[in-house]
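Here are my notes on the model you sent over, as numbered points. Have the structure open while you read.

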Protein chains: 4
Amino acid sequence: MTDAAAAIAAAAQRCSNIGRWGPDDVLGTLNHITDADRVAAARLVTRGRTFSLSLPYSADGPQRGWRRRTNPVHTMLDTGLDAEHGNQGFPHGLGGADDVIAMPLQCSTHWDGLGHIFDHGRAWNGRRASAVVTSEGDAVTGIETVRGLISGRGVLLDVGRVVGGGELPDGFAITEQHLLDTAGAHGIDVRRGDLVCVRTGRLTRARSEGWGEYAGGPSPGLSFGTLDWLHRNEIAGIATDTWGCEVRPNEFDDAFQPLHQVAIPHIGLFLGEMWNLDELAEDCAADSTYAFWLTAAPIPVTGAVGAPVNPVAVK
Amino acid sequence: MTDAAAAIAAAAQRCSNIGRWGPDDVLGTLNHITDADRVAAARLVTRGRTFSLSLPYSADGPQRGWRRRTNPVHTMLDTGLDAEHGNQGFPHGLGGADDVIAMPLQCSTHWDGLGHIFDHGRAWNGRRASAVVTSEGDAVTGIETVRGLISGRGVLLDVGRVVGGGELPDGFAITEQHLLDTAGAHGIDVRRGDLVCVRTGRLTRARSEGWGEYAGGPSPGLSFGTLDWLHRNEIAGIATDTWGCEVRPNEFDDAFQPLHQVAIPHIGLFLGEMWNLDELAEDCAADSTYAFWLTAAPIPVTGAVGAPVNPVAVK
Amino acid sequence: MTDAAAAIAAAAQRCSNIGRWGPDDVLGTLNHITDADRVAAARLVTRGRTFSLSLPYSADGPQRGWRRRTNPVHTMLDTGLDAEHGNQGFPHGLGGADDVIAMPLQCSTHWDGLGHIFDHGRAWNGRRASAVVTSEGDAVTGIETVRGLISGRGVLLDVGRVVGGGELPDGFAITEQHLLDTAGAHGIDVRRGDLVCVRTGRLTRARSEGWGEYAGGPSPGLSFGTLDWLHRNEIAGIATDTWGCEVRPNEFDDAFQPLHQVAIPHIGLFLGEMWNLDELAEDCAADSTYAFWLTAAPIPVTGAVGAPVNPVAVK
Amino acid sequence: MTDAAAAIAAAAQRCSNIGRWGPDDVLGTLNHITDADRVAAARLVTRGRTFSLSLPYSADGPQRGWRRRTNPVHTMLDTGLDAEHGNQGFPHGLGGADDVIAMPLQCSTHWDGLGHIFDHGRAWNGRRASAVVTSEGDAVTGIETVRGLISGRGVLLDVGRVVGGGELPDGFAITEQHLLDTAGAHGIDVRRGDLVCVRTGRLTRARSEGWGEYAGGPSPGLSFGTLDWLHRNEIAGIATDTWGCEVRPNEFDDAFQPLHQVAIPHIGLFLGEMWNLDELAEDCAADSTYAFWLTAAPIPVTGAVGAPVNPVAVK
């Protein structure tokens, strides 16, 4: 076994939640959110201001075709031009526009579902990958199984600002200490059931520089070493403003997304990617309040292993 | 002018919000929600229980091809079978699944955007339809313009239960009086800025009988006569468990969705369609509480005239 | 082993071409066409009249969603309305229209590729199904491998006319004797390398009655017993005017397309489905000439197991 | 009027076929092919060797998103892995694979339909653009109208080889004299009804260098000045191995595809783009025979303004 393989296996063992919520569990770390947590989190709404944390879904998006991930193709079935032209066949002056989209489910702001990543042929909770995701989709942990659950206390850790002075460079590995330092600087604690949003500043940079390799290339992100923190804190989910949550290049030679390999099948953790945290981060810096009500309800595509989401934070 | 045309024109004049929020407005009735409303609405979270109001997005959905609206086609780019088979090229035992979707934006639970319907070639706020929606999409009121705004106080009016004893029959026109009676029975008032959910029971019936003509066919729904109520109450949006909000067949001879024709271009009202209100309705009946926190954040497809949404109510 | 299973296994053994063209073969029965055959077939062009044997690709097509096969969704990226409206940004009065399609590759007139059907986990030429077709497509016998080869002598066997007096009823199994009788009535012989077109009249009926269950339902078609004839005659391909070539319901209890199960993985035979043979059949009946030049070039989608084709016959 | 506008208008007037085949014509220059031409052309088949002139349709194709033209997204509905896994529900060991595609109709080897380009709001034969192509597609000259007609005598003019010594550089404008010189070097004449294939070598270069800006960028191609030759020779169609037939940058300041602007709406000429002529060109050079039987049958997508095609030449 290589050092990388050994490290992954060790972390998987240390951080495992497999079986924790019974053999039939499909909710993973969403089990950490209680109804009481939501009642408390709703009290964080004190100003009533809302923030969409979603990028646009657009042909001008970040995808460059890596792993056949393309940008959305949005086309019209009917338009205002057709309405004015009068070829729509409606009575009394009614006109309409309709539209269609074709897109990968992980092309823009999204949740990884629990069927998205496997470790040695095993999906979340110890199931065989082949028993979960076939060509018909994810028959067990499809994103529809959690369609109503992803709301509660959100916290922002603006590591880009605290540690990077605004933005972290590609390849920067965010460690547990960086997360603790950031929370400390914000005066906030991370609690069981939290939906943690980590801002690296990578998206901010893409906006000024152009997408480049934003989707699939080098990036700041979570260090493999944060797995224990993610597990120990019993958070419900974690989302970043990068394409893949973890630092790229990864910290092991010849590795690919080793944090995913532990986080999804062993911790059962929900990972959010390409979230737009900039406007929220500006506001948090301004009012020094880094906790908020967060609803991040995935579009419940039956059997999906990833899902578009428009997360909305309310302070 | 036919009677129908005259009635539509008269309602459009009576209920017009055109210009109310300035010539550049793209928010329509979402202007009715204030930050203070959201603070108050958040206080409605007392039990912490959540309800997804979205149907699944699935090949088994309600569409039958009417106006080229089809059900989603969800396909896999990679599966657990590929991961086990070992043809994915990842190191250290990592495996992955990815997926793709192609669908009309109004195929399942959705919001109508303000560019969805025109009246005599005019879109919301008096703009020419051709100046708003071309083959490149809605350049003015694309759904992305309201991506962070649709959250606040939700109220359920279970007309199906109160008036219909469970379900209303196709062709049943819900009048203002029915709405008032239902609110009265629930002991709830409808306020400025509310997101009103009207349950007819049509979806419940589709579940027991099969989709049939659920999407595009006969249906209970709002009477044309409710436009004044919708306008006068200054609600932010209204959603139903039917495909098209209003009663079908429509109440005028040779008419097609005349309520839409006034509600969208003249009132600037956001209409939600094919919302799944059954589980929420059961709960409301059980605890006699018909108001709740509601987040209904559309996927912000740039230039879209309709948008998938997974509305989440929290009580 | 059931009777059906035994019959399938026996036919597979009798009719096997596995290994006949070496272990690396990807062409199957297209090996039967020689260049000399094509030279001879070109001499069949005596009048210069052409016949497209393709159905339209349209939203009004035959699919009803069976096995997630839908009709094409064809949408416009730009239209003449946009060109006239002047929002396209081209100089000097240039305007343009562009379009997009989303469709199953077997939704209308198509070839089955050799990766389309497996027998007990084996694809054409004895390969493991998993070694041929993964989520990345058919890496071995993708339709692009035969992109230039499917042209030569076409013959029409109008069984519908000869045996059925125009059209055969659903469930009618076309036997070897029916094929021989039809060829006899036409005064034509079937030769090695031929592309055989069998008209049942099922499509003609769908045109008068509506699609109904045309795609996936009951149908006249080839009897399982014709496998020996298909193999012995060393034809290059066979196409019908039905959705699935063979008779439906199939002739065994609880069977599904058993002729496919032998024809594709064991014979390596190319099957054409939903071909429009009516206009050609009218002409053949009129001039008593049932052989012609045929080009049926599949769109070479890399890795495809099925392929749209517009076959063109020339007499 | 600018010089460019004047030149375009003058060429449009000189080369117009508008009305030549009556007011209802939808065939344009395909009217130039007679049945007798096809009989003669079939006699060009002397060796029986076939050549597919199509590029693969693949995610690795040339598109880079220009004008929302993307590469095909080909996904599987079922695979050999599923068949081996046994989750398909078929009896007796049958397994299957199915697939789906989403793509622009002009993403790879294709024909431009007559509804693809307009001049000052006019489509082929003088029709208003808006009367031809709306959001519902091309209701008049959709590619299905010519589905059986595009076969006949093909000729290759290998300008890349004769004039360029193999490949022409980007920006090289092929003039009438270059075409005449090439035909002369080949010992071939261009005749009424021919389908002319012009090889520039641009595709050959893309293969060695990578796609780069192959689709939409600088390119060798036909000079605007060849319009008279295209018109005078009464050819049925012309195809090149480049993305847009004509030289890029265009020869007028601030122009965009001015040859298209005359060729399609005024001449009614069928233009083929991104054809793969290399293998055919090698063969023609080897046997000094530049005429052949050509079938280039577009997939008849109803209402399409462009169409995938797998052209097959037979010598």
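1. A term to settle before the counts: a polar contact is a pair of N or O atoms within 3.5 Å; within protein, one must be able to donate a hydrogen and the other to accept it, and residues adjacent in sequence count only if both atoms are side-chain atoms. With that rule, 48 residue pairs (both at pLDDT 80 or more) are in polar contact across the interface of chain B and chain A. Strand β4 (residues 98–104) of chain B gives the largest share of the side that touches chain A, seven residues. Strands here are DSSP runs of E, at least two residues, and helices are runs of H or I, at least four residues, numbered from the N terminus.

2. Some ground rules: this is a predicted model, where local features need pLDDT of at least 70, side-chain atom pairs count only at pLDDT 80 or more, and totals for chains, interfaces and linings use all residues. Residues are numbered from 1 along each chain as its sequence is written, chains are lettered from A and ligands numbered from 1 in the order in which they are written, and side-chain values use heavy atoms, with hydrogens and water left out.

3. Chain A on its own has ten helices and 17 strands. Its radius of gyration (over C-alpha atoms) is 20 Å, close to the 20 Å that the globule rule (2.2 Å times the number of residues to the power 0.38) gives for 315 residues, so chain A is as compact as a globular protein of that length. The C-alpha trace spans about 70 × 50 × 40 Å along its principal axes. Of the 315 residues in chain A, 68% are buried, that is, under 20% relative accessible area with a 1.4 Å probe, protein chains only. Contacts (heavy atoms within 4.5 Å) in chain A with a separation of 6 or more are 78% between residues 24 or more positions apart.

4. Back to chain B against chain A: each chain puts 92 residues into the contact. Together they bury about 7400 Å², 58% of it on carbon and sulfur atoms; buried area is the accessible area (1.4 Å probe) that two parts lose on being put together, summed over both. On the chain B side, B:Arg67, B:Glu84 and B:His92 lose the most area to chain A, together 10% of what that side buries.

5. How many salt bridges does the rule find across the interface of chain B and chain A? Six, counting a side-chain nitrogen of Lys or Arg within 4 Å of a carboxyl oxygen of Asp or Glu. One to look at is A:Arg128 with B:Glu84, where the closest N and O atoms are 2.1 Å apart.

6. Chain C against chain A takes ten residues from each chain. The area buried there is about 850 Å², with 62% from carbon and sulfur atoms. C:Arg68, C:Thr75 and C:Leu81 supply 52% of what chain C buries against chain A, more than any other three residues. On the chain C side, β2 (73–78) and α3 (80–85) each supply at least two residues.

7. Finally, A:Gln106, in the loop between β4 (98–104) and β5 (110–112) of chain A. At 1% relative accessibility, A:Gln106 counts as buried. Its side chain makes a polar contact of 3.3 Å with that of A:His116. Leaving aside neighbours within four places in sequence, A:Gln106 has contacts that include A:Arg69, A:Glu273 and, from chain B, B:Asp98.

Notes:
Buried < 20%, exposed > 50% of the residue type's maximum accessible area, 1.4 Å probe, protein only.
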